[in-house]
Amino acid sequence: MASNKKYWKSVEELNENSSIVETLQQNEFVEPIPTDDFLGDKETLEASSTTRRDFLKYVGFTTAAASLAACEGPVIKSIPYVVAPDEIVPGVANYYASTIADGYDFANVLVKTREGRPIKIERNDLAKHGGSVNARVHASVLSMYDKERLQSPKVNGADASWDELHTEVAKKMNEMAGQDIVLLTQTFASPSTSKLIADFKTKYPNVRHVIYDAVSSSHAADAFQTKYGTRGLADYDFSKAEVIVSVGADFIGDWQGGGYEAGYAKGRIPKDGKMSKHFQFEANMTLSGANADVRVPVTPSDQEKVLAALTGGSTSGLADHVAEAVNKAKDQLRKAGNKGVIITGIQNVPAQTAALNYNEGVGSEVMDTDRPRLTAMGNNAEVANVMNGVVNGSVKGMITVGVNPVYSFPHKGFAEAYNNLAFSLAFAMKEDETAAKAKLIAATPHYLESWGDVQLKKGTYSLMQPTIRPLFDTQQFQDCLVQWTDNGDSYYNYIKDTWANTILADGGSWSQALHDGVYESDVEITTDADTIDTTETLETSTSSGALNSVQEGMELTLYAKTGLGDGQQANNPWLQELPDPITRTTWDNYVTVSAADAKTLGLENWNVANGGLNGSLVNVKMGDVTIEKVPVLIQPGQAQNSVGLALGYGRKAAVQTEMQTGVNAYPLYLDFSTSQKGVRLEKVSGEHEFACVQLHNTMMGRDIIRETTLEIFNTNKKDKHGGYVWNPVPQVSKDHKEIPVSSPDADLWEAFDRSVGHHFNLSIDLNACTGCGACVIACHAENNVPVVGKTEMRRSRDMHWLRIDRYYSSEDSFAGDSEKKDNISGLGSSLSEFNEMETASANPQVAFQPVMCQHCNQAPCETVCPVAATSHGRQGQNHMAYNRCVGTRYCANNCPYKVRRFNWFLYAENDEFNYNMNNDLGRMVLNPDVVVRSRGVMEKCSMCIQMTQKTILDAKRDGRPVKKDEFKTACSAACETGAIKFGDINNSEDEITELKHDKKRMYHLLEAVGTEPNVFYQVKVRNTNEA
Amino acid sequence: MLENTTIYNQLRAKLMDNNITDRMEKVPCRNLPSKWSFIALVFLLTISFSQSTFASTSFLPTQTADTVAGEKLFKTNCAACHKLGKQATGPALRGVGDKYDREWLYKWIRNSQELIKSGDALAIKLFEENNKAVMTAFPTLTNEDIDNIIAYTYTPPPPPVDICAVNPELCSDEGSEGGISNNIILGILVLMFLMLIVVLVLVNKTLRRFAESQGVQLEEKEKATPIWRAFVENQFLVLSTAIFLLLSAGYFAYGWMMQVGVDQGYAPVQPIHYSHRIHAGVNEIDCNYCHSSARRSKTSGIPSLNVCMNCHKTISEVSADTQTEGQSKYGVDYNAEIQKLYDAVGWDVATQSYTGEESAVKWIRIHNLPDFAYFNHSQHVIVAGVECQTCHGPVEEMEIMEQFAPLTMGWCINCHRDTNVNVTDNEYYEKIHEELAKKYGKEKFTAAEMGGLECGKCHY
């Protein structure tokens, strides 16, 4: 085989004199193999008598010995109480009514405790105006078991006793008599605390009390105060609304404290051919926009024009399509009369006043100004005054309670100025940014360890009670005030006295109020918020707002995410891992830009080989503020020339490394306004790795989510098979005849008879589901769902048993998608058009769909399990025996709904997953009735079988039938809007039975597959009929 | 708690009952000294008193007062709060007749509160000394009854029990001597055996030598194939033996492996020697009295120490018989074990009060169901009405508690297959049972037929 061909290994070989080629010819390895490193020095090696064979023998014997030793069971201790509390029965949960009021979230809650430790937060059904038990409130129980919490007070950085702290405070307060000391607190909305603060101010007249809400509703409160005389926020009952027009107000999100979704959802379910109509004019894609019938992307500055046009002005200056939408909205509003309402999130007082005036003018039934909300009472001007006072040195001392100004004040110089204060005392649960710089830190308990009272809404009083003894050496701010002002021995007695003298003076019972957690009374109580009444501060705030000065650049809308809110609970892994309902991204905040702007700026999002989403990075510049390396997410529906960025991220202090995610957007929160102008994005090199759990954003014209318009819905038209046209039963061919897939003839399998006993079904009303995510967290808490961390999330190894899929339409509407798909013909067209359909439209329709295990009666997963680890129960649940599972993952492959989750790792007691299940404190939140799954097993939604079993057992033990709607799952119990309903379809009284037989709206997901799920959905109806 | 209290009252009533019928062998100061020894002791006492120079005007027990009747009355009325030689809820009563005037005692016993109210200084003093514990009034007791009781209080403390007399094995001296003598006998036997062998060998040797010298030719045995060789050469045998050995090894290996993690018979040593035999057996205390959460919860609950103290506040020591039995049969000092309880709960017997120094008792858990198996006691105890003994065995006979059942899944399932669901008088089952009966045409359904074998019912 003589050949002249010579094969070159590298270009280097062409050079005959190359030293590298020479070396390589001599030595196989360029660098010496570091054998010495692993063989150690020769002497030791030779001195050792262990030969290789011996070594192998040792290994063999130790393994054998270890496995033999493992056969011995461990000795487990069982330690009873010495003196058992009467109310605790081991193994039985106790529920206590309490209230969360952390300055951002206010809600009446029920706390489930087991053996004296709170393990879950639930809704308090007795509370009619109870605020919103949202995802953050559900997750708040985990924040109590946060290992980063302060365990004792600190004086000048060293751990101290409370006596030392009190002495030090008294000394300082006396020393500083006459100097300006600011008491900067969260909104307490607490009658008793207001009284105590008043007493404190009487004792130290140099103390100023200023309420500071990290995310402010000051403009609305100022407008309300100017108009109605008292400070508050108008309350809205959207269930009474026929037309809702929102201009920049994400009222399904956190607008003015949130909690409006329940009322909203009530009006969204078609009843007697009617449902409310919702117009949304907004810049960012929000939950409200996603749920709206008509959503118009409008930049914040144009929103003002929209509002002006709506409230009587003209539509000049607005783009045509916006003007058209505004005119339609006006028409609808006019028709609705007092059943219409305008709400706005525009950050200035005139806009807020205009909305109030409109609603007042038409006598809107939706708005309630007699009994306003009393949460988020801060005043921007006062807060700005404090911020500037500290910076310029006029404020000498500062006491902060429940707020973190060093992190959240939009002033560069504040941190340093705060450091230089002569007196700084921080009441904080953690050594956060502010506490870390404070001279004195008073460690406060979590709300589940505290006493308190809250007036959420005028006339609605709530009580907060401890559900566990304080875990650490902590004292409440109020207890300290009681001590400093000589007001008795404890805050508990103080509240009791206050209530006895005022709220309960009409003869109400304290025990009953404490039991219910909420008490309605007409007694009026002055709150600390009422002290903000100087016209000066109100007027100042009128003129504030960046929007008045025109600048070049894009407009920024800051927002609070469903997960982290204002950032208090940044160290809560459940919330970090909760996917954003709109972007489905976890563990991050990012700049949202429209596709058009992204193209102009050269910004991109792309998926890499493992499915992970990557994005470009930008520097966000605004005036002299620059935030570096912010990831970009292209957001369908984002108003052009506007960007969005979430507050609450970028926390560093007292936040463990894994959870130091995102960037801090508070420096951009100038004048405490969420709307900012003159923002520039500068692309920088590098890319960001997102942990986004949904890769495919469109439905490609399939009927995963079935929807129709109210107009079609009201026609009651049926197709040839007898189903409603918008909700057809899929047909399959048998013996060349079309039969419905639900027919028994279409089945390969013999079906069980499920007519006797219970048969559980879960219903999800797509009209009522707003995508809020409360069910996801409730499911985590109930079922010990592990947190897997950002990198695992990125690999789609999330463990969520319940996910809320979000779909965008690729045409203007989902109906357009179906039409496009149906009209595709030929290969060429299908390739290009299907490709197009993968991209979401610039202003898409959005739909949410909670998906959990569908508990199929003909379950594809069950037939493929080689070890029969998953099997079917007579009650309709698809069982999963973890201890039987060997982890083949066939079931997950065969599941059409992709709801099975595999434990790729051990997520508990594993340093690689350093979240709550890796420390003793965090594990206290685990539900003792549900197993913590181990590595290598499949898990999935069990339809909360532990809860259904408990309900059955309770009934059996009491010797009674199960009551109407007694069966609950964690998600159905958590659902504020009533979208998720659970029950026994063999019980004709249960609400679910009626829903199951509602042929107009009931459908199964991927019904054509023939899995016969026990979870069903209600067709989404949009009120998009044009009038 | 309410239920506990009711049960407690019933229990107390029962204890009192036992006193009367003298069945109560476990509660202190209940052993009846024979009348004769008692009289003899009284005689001794009389002598000692008369010999003392102390001129006592107080009552001395005479033959006229009936100590036997007194004892009966004492046990019926006084023993719940008083002991003879020891402070209990009330003060020790031995020799109480000497401390107080007889007439005053009559008044005090019939209605102490009235006496206190009347302003009697001594009564007030006594009341305050005893933590203001109100003594029950006994208006029905006659003077004679009281005399009898007081006579009984002069019963001298029983002499300490000689354990060696009861159980010589516990007294080490004799036992060790016995051991040595046995060894000597054994040694001698071994020696004799060795000597016999030596003699045999010597005789054999001599005989051989003798035969040699006589020229007798001893027959040499022909060497046959050794058995092992024959075995090895027979391939069929080797094969069948190998198969047999493998099969039996497999059988035993399987048997051994099936017991891994099965702790049937597990009876760990507990920090306090608690005898279920005495509590549940002899005293017939209902299991649910202590394990009260078995009726309401998934766990039966280890009783908290305050439940123990409901009874042990007054029962600080066991009767001498029980104590002896404990020491001889089980090597346990029951009184010391009760003291352990007092130490943990912080009960001071002398002052009859809680010191507040508590420490937890770390019991060793016997029934360890794995985490992935859900079991609910209330379901079985209340709904199904299963006796505790069905799964826990004859607890009332167990001195040391042990795991009776294997607690394997097979064991659970077998029971579910055999046991009919108790549907009577339970409205929950009414509709379900009616429909099932109609469908299957039978009245009784086992737990398995009602879905008791479904994986998800126990594993979640």
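**Close-up views of a predicted two-chain model**

**Figure 1. Helix H8(A) and its buried residues.** In H8(A), the buried residues are Ser218(A), His219(A), Ala220(A), Ala221(A), Asp222(A), Ala223(A), Phe224(A) and Gln225(A). Please keep in mind that this is a predicted model. Taken as a whole, H8(A) is mostly covered, with eight of its 11 residues buried. Just past the helix comes Gly229(A), which has a positive phi of about 90°.

**Figure 2. Helix H8(A) packed against helix H13(A).** Here H8(A), residues 218-228, meets H13(A), residues 349-361, with the two axes 8 Å apart and at an angle of about 60°. The pair is therefore oblique, and the crossing is right-handed. From H8(A), the contact draws on His219(A), Ala220(A), Asp222(A), Ala223(A), Phe224(A), Thr226(A) and Lys227(A). H13(A) brings Val349(A), Gln352(A), Thr353(A) and Leu356(A) to meet them. Sorted by class, the contact between H8(A) and H13(A) holds five nonpolar, four polar and two charged residues.

**Figure 3. Helix H7(A) crossing helix H18(A).** This view pairs H7(A), residues 191-203, with H18(A), residues 477-484; their axes come within 10 Å and cross at roughly 40°. That angle makes H7(A) oblique to H18(A), and the crossing is left-handed. On the H7(A) side you will find Thr193(A), Leu196(A), Ile197(A) and Phe200(A). Facing them from H18(A) are Gln478(A), Leu481(A), Val482(A) and Trp484(A). The contact of H7(A) with H18(A) has six nonpolar residues, two polar ones and no charged ones.

**Figure 4. The largest nonpolar core, and a second one.** The largest nonpolar core has 278 residues, and those with the most contacts inside it are Val306(A), Val591(A), Val632(A), Ala665(A), Cys775(A) and Ala778(A). Helix H25(A), residues 774-783, gives the most to this core, with seven residues. To see what surrounds one member, look at Val591(A): setting aside residues up to four places away in sequence, Val591(A) touches Val618(A), Val620(A), Val630(A), Val632(A), Val643(A), Leu645(A) and Leu681(A). A second, separate core has 14 residues, including Leu115(B), Ala123(B), Ile149(B) and Ile150(B).

**Figure 5. Helix H25(A) from end to end.** H25(A) is mostly covered, with 10 of its 10 residues buried. Among the buried residues of H25(A) are Cys775(A) and Ala778(A), along with His780(A), Glu782(A) and Asn783(A). After H25(A) comes Asn784(A), whose phi is positive, near 55°.

**Figure 6. Two loop residues with a positive phi.** Most residues other than glycine have a negative phi. In Met700(A), which is not a glycine, phi is positive, near 60°. Met700(A) is found in the loop between strand S29(A), residues 691-692, and strand S30(A), residues 707-709. With 16 other C-beta atoms within 10 Å, Met700(A) is partly exposed. Ala868(A) also has a positive phi, near 55°. Ala868(A) lies in the loop between helix H29(A), residues 860-864, and strand S36(A), residues 870-872. With 11 other C-beta atoms within 10 Å, Ala868(A) is exposed.

**Figure 7. Pro730(A) and its contacts.** Look for Pro730(A) in the loop between helix H24(A), residues 710-715, and strand S31(A), residues 731-734. Pro730(A) is partly exposed, as 19 other C-beta atoms lie within 10 Å. Apart from neighbours within four places in sequence, Pro730(A) is in contact with Val741(A), Glu1007(A) and Ala1008(A). For a sense of distance, the C-alpha atoms of Pro730(A) and Asp497(A) are separated by 66 Å, and these residues are 233 apart along the chain.

**Figure 8. Chain B and the side that touches chain A.** Chain B has 23 helices and three strands, and 18% of its 460 residues are buried. The contact between the chains takes 48 residues from chain B and 40 residues from chain A. On the chain B side, the elements that give two or more residues are helices H15(B), H17(B), H18(B), H21(B) and H23(B), together with strand S3(B). H21(B) supplies the largest share, seven residues. By class, this side of chain B has 19 nonpolar, 15 polar and 14 charged residues.

Notes
Residues numbered from 1 in each chain as written. Chains lettered and ligands numbered in written order. Predicted model: local features only at pLDDT ≥ 70, side-chain atom pairs only at ≥ 80, totals over all residues. Helix = DSSP H or I, 4+ residues; strand = E, 2+ residues; numbered from the N terminus. Buried ≥ 20, exposed ≤ 12 C-beta atoms within 10 Å, placed from the backbone. Axes fitted to C-alpha atoms, helices over the stretch in contact; angles between N-to-C directions. Parallel < 35°, antiparallel > 145°, perpendicular 65-115°, else oblique. Left-handed = near helix turned anticlockwise from the far one by under 90°. Contact = placed C-beta atoms within 7 Å. Nonpolar A, V, L, I, M, F, W, Y, C, P; charged D, E, K, R; others polar. Core = buried A, V, L, I, M, F, W, Y, C linked by C-beta atoms within 7 Å.
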